[in-house]
Amino acid sequence: MLERLNQAMEHIEDHLGEPIDAAVLARIAATSEYHLRRMFSALAGMPLSEYVRRRRLTVAGAEVLAAREPLLEIAVRYGYGSGEAFARAFRAVHGVGPGEARRTGAALVSQPRLTFRLTVEGSSSMRYRVVDRTAFTVVGLKTRVPLVHHGPNQAVIDFVRGIDRPVLDRLENLSDQEPRGIVAVCDDLDPSRAEGTELDYYQGVITSGTAPEAAPEGTTTLTVPAGTWAVFTTSGPAPQAIQELWRDVYTEWFPSNPYRTRPGPEILRTRLSPDGSEAEGDLWLPVEREAS
């Protein structure tokens with residue numbers, strides 16, 4: 001997987017002056033565009049589109065400072081239809097306009113080329129299983145929250161704190177499918193998984209019913225079709241253990257296993273210690289086998 005991903009990175013370098021189609025990169029990487037975007041974001045710490053933009057403007061910046069060609073020619077070469085559009089994009093990355101950078105020889109921001117390698121430390125093993133599931137329904141309370149990669153997600157905390165305990169008790173009585181009990185469900189994530197992008201967040205349960213009459217008022221349902229799921233288990237300090245599990249799944253497990261993500265909700269069952277400092281978690285991700 002990583003070798004093919006590096007071939008896709010090489011394709012970006014060879015076509016910085018042209019529109020870069022993520023579908024083409026996915027074919028080079030021998031995976032789906034959906035999985036490529038998620039893998040790249042997890043490995044690189046930025047969306048694929050942002051990396052392309054930074055690389056393009058890094059190379060363009062070097063040509064601006066070289067002062068051998070008019071700025072408009074450089075702008076056109078790197079896909080900008082006007083000098084104004086190029087100047088706006090240039091300033092957003094480098095903090096200075098191209099004309100000023102050329103006049104003053106300003107220090108510019110450089111985005112290095114990315115090469116992906118898998119480092120195996122062997123200090124711990126990842127506990128996982130792969131299961132096939134029939135269709136099921138998520139029943140719960142829903143809100144829209146920003147994605148947070150590190151530290152507490154205050155929007156989620158405030159939402160969960162605002163749910164009355166009797167409502168959660170009534171929901172928990174509807175749970176008849178694994179993972180049992182109250183779960184957090186994330187759906188409709190931005191493919192880039194960039195910090196601050198929004199997602200649908202459910203606090204609810206997994207059930208075989210389609211619209212349980214016993215569901216509390218104000219709840220909503222999400223129908224999830226049959227499919228394959230990878231289930232990962234972790235424990236450790238809260239919330240770091242859970243957030244690091246997400247990271248490790250994308251940076252360690254997917255590159256080493258013949259699976260890729262597919263569209264669908266991500267489900268997390270968390271159990272906290274009495275003082276809230278430790279957490280055990282089961283993360284369910286929708287997956288499919290990579291084509292041979």
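A crossing of two helices is left-handed if the near helix is turned anticlockwise from the far one by less than a right angle, and right-handed if clockwise.

Q: What is the handedness of the crossing of H1 and H4?
A: This is a predicted model, and in it helix H1 (residues 2–14) packs against H4 at an angle of about 40 degrees, with the axes 10 Å apart. Angles of 65 to 115 degrees count as roughly perpendicular and those under 35 as roughly parallel, so H1 and H4 are oblique to each other. Their crossing is right-handed.

Q: How many charged residues are in the contact of H1 with H4?
A: From H1 come Met9, Ile12 and Glu13, which meet Leu48, Tyr51, Val52 and Arg55 of H4. By class, that contact has 5 nonpolar residues and no polar ones, and the number of charged residues is 2.

Q: Is H4 roughly parallel or roughly perpendicular to H6?
A: The axes of H4 (residues 48–66) and H6 (residues 83–94) come within 10 Å and cross at roughly 100 degrees. Because angles of 65 to 115 degrees fall in one class, H4 and H6 are roughly perpendicular.

Q: How many nonpolar residues are in the contact of H4 with H6?
A: On the H4 side, Leu57, Ala60 and Val64 are among the residues making the contact, and H6 brings others including Phe86, Phe90 and Val93. The classes include 3 polar residues and 1 charged residue, and the nonpolar count is 8.

Notes. Residues numbered from 1 in each chain as written. Predicted model: local features only at pLDDT ≥ 70, side-chain atom pairs only at ≥ 80, totals over all residues. Heavy atoms only, no water. Axes fitted to C-alpha atoms, helices over the stretch in contact; angles between N-to-C directions. Helix = DSSP H or I, 4+ residues; strand = E, 2+ residues; numbered from the N terminus. Parallel < 35°, antiparallel > 145°, perpendicular 65-115°, else oblique. Contact = heavy atoms within 4.5 Å. Nonpolar A, V, L, I, M, F, W, Y, C, P; charged D, E, K, R; others polar.
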